[in-house]
Amino acid sequence: MHQPTPPHGRPVEVTRATKRRVVITGLGAITPLGTGVPHLWHGLLEGRSGVRPLEGEEFDGQPVRIAGTVPQDPAELLPRPQARRMSRASQFAVVAAREAWRDAGFTASGTVERGIDPSRVGVSVGTIIGGAPVLVDGDRRLREKGPRGVSPLTAPMTVPSQPAAQISLDLRITGEARTVVSACASGTEAIGQAIDRIRHGHLDVVLAGGAEAAVTPAVMASFAAMRALSTRNDEPERASRPFAKDRDGFVHGEGAGLLVLEAEEHALARGAHIYCEAAGWGLSADAHHLAAPDPSGDGIVLAMRRALADAGSRPGDVVHVNAHATATVDGDLAEATALRRLLDERGAQAPEVPVTAVKGNMGHLQGAAGAVAAVVAALTLDRGQIPPTLGCDDRDDACDLDVVTFVPRPLPAGGDVVLSNSFGFGGHNAVLALRRDTSDRTDRSDRSDRSKEDKAA
């Protein structure tokens, strides 16, 4: 039964036996495929690429001159005075958060106008070095003009907590605004933390996800020096090749993905559309190497098993996997090895589980990657379609998985859990377990109509 929001922001009393279910009710994204979730979803289904050449003299002489960059300046989507006080990553975060907030059925102006207690709403955002361009610009101004040339906003705009803070300011959210920094697993872990904050009664609604804008010369040069990037400068749209036999590294990218997570009873009380259940999550650490993955896949398997256990599920319940798959030689192989081990536990007679990797379309969005993948995973469950993996024309035989390629595939009927994987430098592993909404309360025809509207947009 729905419990009204408690007065004065007091936590809801939740025991182990009454731990609340968490659902996803809103989605927002700004990615190399465009601004908004419809551009992301239909770009994936149609096999479009958002990887493009890097323009500007600062990238001249770089060994890698391609990246997954957002085609629209996010500052154009915000009031000018507000945009000037934000880093590019924060601008991405606010644009995506506004879309997710509206998609969840809330008033665009924020919490108070919708009659929501702002102390019962939170923000949880993952990032790595989202303010890097601001710091680079501040250093340039210091060298060219001296101390007086450096903006007083340089320091506050650089700190990783800026995206979460700016969402909180924009939507007047006072419950909390937390930041997660765990390399490329940051966005996924931020969503996982939000699940727990709602489950245990601390909050009713959380905007959770990730944002990143670190396509800078120094970062590009560093990744290139590590030999981690694809060097296919002459064919950017085909450079990122997850699980492919000829993959040669990841493509650097930028963007943001935000999801509205909500206590189920809170969502039902206001008649919200539910995409799926945010059923569980799991973490682990490889303790293997500063940058390279553990080839055994032990840490990845542990994180996936923990996510399933947290969701009250088993490997046999998995119907689809949205893989991390950055298109590095060692990283994709380690993940494929781990997935094969987990999925083999389903038994020899179990059907293959279809796997997809969205980084073929966008490149690797770093701290935002897991959040955007979670948006896609939620849509996959809601729409019943699995997007194909762009760039995997000839799958590596060593990556023994059923990789969806060329055309979308219907989501299989058996099972109800989608895993969304994220792994980061230093051995950070984070996995989400999302569960299909099988209740009768959601009208499937409404979903079909909304999909047509998105297509028209």
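1. Burial. Of the 457 residues of this protein, 58% count as buried, where buried means under 20% relative accessible area, exposed over 50% and partly exposed in between, with a 1.4 Å probe and protein chains only. The protein exposes about 18,000 Å², and carbon and sulfur atoms supply 51% of that area. Accessible areas come from the Shrake-Rupley method with a 1.4 Å probe; for residues, only the protein chains shown count as cover.

2. Basis of the values. This is a predicted model, in which local features need pLDDT of at least 70 and side-chain atom pairs count only at pLDDT 80 or more, while totals for chains, interfaces and linings use all residues. Residues are numbered from 1 along each chain as its sequence is written, and side-chain values use heavy atoms, with hydrogens and water left out.

3. Confidence. The average pLDDT (the predictor's confidence in each residue, from 0 to 100) is 91, and 91% of the residues score at least 70. Two segments should be read with this in mind. Over residues 1–8 pLDDT stays under 50, and the model has 12 contacts for them beyond four places in sequence; a contact means heavy atoms within 4.5 Å. Residues 442–457 also stay under 50, with 23 contacts beyond four places in sequence.

4. Overall fold. The secondary structure comes to 14 helices and 16 strands; helices (H or I, at least four residues) and strands (E, at least two) are DSSP runs, numbered from the N terminus. The radius of gyration is 21 Å, close to the 23 Å that the globule rule gives for 457 residues, so the protein is as compact as a globular protein of that length. The radius is taken over C-alpha atoms, and the rule is 2.2 Å times the number of residues to the power 0.38. Along its principal axes the C-alpha trace spans about 60 × 55 × 45 Å. Among contacts with a separation of 6 or more, 78% are between residues 24 or more positions apart.

5. Helix α3. This helix covers residues 88–103; at 1.5 Å a residue its 16 residues should span 22 Å, and the end C-alpha atoms are 23 Å apart, which agrees. The expected span is 1.5 Å times one less than the number of residues. Since 12 of the 16 residues are buried, α3 is largely enclosed by the rest of the structure. The buried residues include F92, E99 and W101. Just after α3, G105 takes a positive phi of about 95°.

6. Helix α1. Residues 37–45 form α1, which is mostly covered, with 7 of its 9 residues buried. Those residues are V37, L40, W41, H42, G43, L44 and L45. G47 follows α1 and has a positive phi, near 70°.

7. A374. This residue is found in helix α13 (residues 369–383) and is buried, with a relative accessible area of 1%. Leaving out residues up to four places away in sequence, A374 touches I191, L259, S420, L432 and L434. Of these, L432 is 58 residues from A374 in sequence and 7.8 Å away in space, C-alpha to C-alpha.

8. T216. The loop between β7 (205–212) and α8 (217–225) holds T216, which counts as buried at 5% relative accessibility. Apart from neighbours within four places in sequence, T216 is in contact with F59 and P133.

9. Positive phi outside glycine. R227 has a positive phi of about 60° although it is not a glycine. R227 lies in the loop between α8 and β8 (255–263) and is exposed, with a relative accessible area of 77%. A327, also not a glycine, has a positive phi near 85°. A327 sits in the loop between β10 and α11 (329–344) and is buried, with a relative accessible area of 0%.

10. R314. The loop between α10 (298–310) and β10 (318–322) contains R314, which is exposed at 60% relative accessible area. The C-alpha atoms of R314 and G297, 17 residues apart along the chain, are separated by 18 Å.

11. Aromatic pairs. The count comes to 3 aromatic pairs, where rings of Phe, Tyr and Trp (its six-membered ring) pair if their centres lie within 6.5 Å; planes under 30 degrees apart count as stacked, over 60 as edge-to-face and the rest as tilted. F223, F250 and F425 form one aromatic cluster.
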